[in-house]
Amino acid sequence: MTTTLDRPQLTADDIAMRWLQDFESALSRRDIPAAAGLFATDSYWRDLVSFTWNLKTVENPDGVTDLLTHNLDRVSPEEFELSEPAATADGVTEAWFTFTTSVGRGKGLVRLIDEDGVKAWTMLTSLQEIAGHEEPRGTRRVKGAEHGVDPERKSWSEKLAEEDDAWGKTADPYILVVGGGQGGIALGARLRQLGVPSLVIDRWERPGDQWRSRYKSLCLHDPVWYDHLPYLKFPDNWPVFAPKDKIADWLEFYTKVMEIPYWSSTTAASAKYDEAAGRWTVEVDRNGEKVTLRPTHLVMATGMSGKPNIPTFPGSDIFKGEQQHSSQHPGPDAYAGKKVVVIGSNNSAFDICGALYENGADVTMVQRSSTHIVKSDSLVEIAMGDLYSERALANGVTTEKADLIFASLPYRIMHEFQIPLYDQIKEADKDFYQRMEDAGFDLDFGDDESGLFLKYLRRGSGYYIDVGSAELVADGKVKLSKGQVDHLTEDAVILSDGTELPADLVVYATGYGSMNGWVADLVDQETADKVGKCWGLGSETTKDPGPWEGEQRNMWKPTQQENLWFMGGNLHQARHYSLYLALQLKARHEGIDTPVYGLQEVHHLS
């Protein structure tokens, strides 16, 4: 980034308004070279649906030129206005703005620097609503009551029941969402408010059972301010780190009060796409009843942590004890006094080891590769406090504003923002990290020292947010072995160096596979390969092979398979990105032209 020159005669508002005026003027003249010339040599424009009908980041003036060449005439952007006072710090002017397009209204955030004049370093544009198809909020809310006399009157609940009963008989959902966890529920709520006929299905008996079924020590490792769902925030007395059963109950409550069309105890058995008709045929089993649904769009909301990686080691067929993937682990109650070997050293492994130790089990953790650990308190205070905390709220940073700030940081340079934060964490918790290393635990902060968020975005694994269990390893209360598993015997796990670990139970905390694995199960392998790997950025770091993608692979955006979408991620991503997926689907439902710019290519199958 070029060193900025001081311009004391100009206020931050002056700088921002002049740039926005120049940008809008160039766009209105269709002068693409002039518009691209307002971006710095090294610059980044991230668009969430508003210009591209995609989630897309372009880089440098050449990337801006290409984006505008393909989209400017159709989008016809105008009315760029500051939405709050701009601010300048460390030579960078940040400005929030609003704008309109040919189909809707958007919000944006631009960071301006001085490079032979004022130039954009980063810019975010995001579609917030489609004109004429706004959500019924505020002054547009429905009345609810129907005044007057009507002998055929039906109650609100009767209407909902009729709608539910019609699916698969006299009506089909325009969108079928497979998976009723936080991602499917958040998207279902958005689609409901946008008036798009949709149905969420899930195999569990009740919404939230995905959480209820997990080991009893499970809790959210992210703080409450980061985890709200759309429309309804957690109460202000909600725990900072919610236990799993509170989350389960909240999801069930949310599904009901937001009136999300939701079929529980329903399993999708098969799906097939009819290219000529432009719709899917999905066979489902609802409480033992076979139902055929014919949605136009199919959304896989089965979770990025939904397809278990279950290794098959030699000897697993002769092992006489129990073997479980971490997703199947029921909790520690039955294992007091038992010898337990947990394969893995990330979030689930630590949580399960801690709970088993508390319950009197003899626990050994097997670390196969290095792990990034960040203490929960440090994460909240240092890495997240400016955006998601009581401090942030007091400074006027709402959840929605925080989401856009975080989204405005281009993935290509996000590590530059994260490394200094994790340097602070290393210093603050240096005694803890030394104790872990003294215990023999292999630590890392990511390939480039950028910490938790980048590891999560690049590979979705390889980290632990410490809520206490790391101390058990540091103190030797949970034993630590390192190496690869060679085989199992009738009563032990044998590592490649010959170490023998006696076991009554082996827990495979070995993570999860790509979401397109669910597509292979439901549709076929050909379709799974057609859409390719889900998640990751193409950063060429561990478990995130190149080439550079610029956005999360296949998430919340069009894929190479027509009318097939993926919804997944943590609660923050469920909240934020459900908006952009819902708007893409709403536009298609209304027949709005949605040419996709920069459809992601497939470079990896899984």
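Predicted model: local features only at pLDDT ≥ 70, side-chain atom pairs only at ≥ 80, totals over all residues.
Residues are numbered from 1 along each chain as its sequence is written, and side-chain values use heavy atoms, leaving out hydrogens and water.

The area buried between domain 2 and domain 3 is about 3200 Å², and carbon and sulfur atoms give 56% of it; that is the accessible area (1.4 Å probe) the two parts lose on being put together, summed over both. Now show Y215, H221 and W225: they supply 24% of what domain 2 buries against domain 3, more than any other three residues.

Next, pick D209 in helix α6 (residues 209-212); helices are DSSP runs of H or I with at least four residues, strands runs of E with at least two, both numbered from the N terminus. D209 is buried at 10% relative accessible area, the cut-off being under 20% (1.4 Å probe, protein chains only).

Last stop: the open sheet β21-β22-β23, three strands with antiparallel pairing, where pairing takes at least two DSSP bridges. Its edge strands, β21 (485-488) and β23 (500-502), each pair on one side only. Select β22 (residues 492-495) and you'll find three bridges to β23. Finish at A492, opposite P502 in β23.

Terms used:
Buried < 20%, exposed > 50% of the residue type's maximum accessible area, 1.4 Å probe, protein only.
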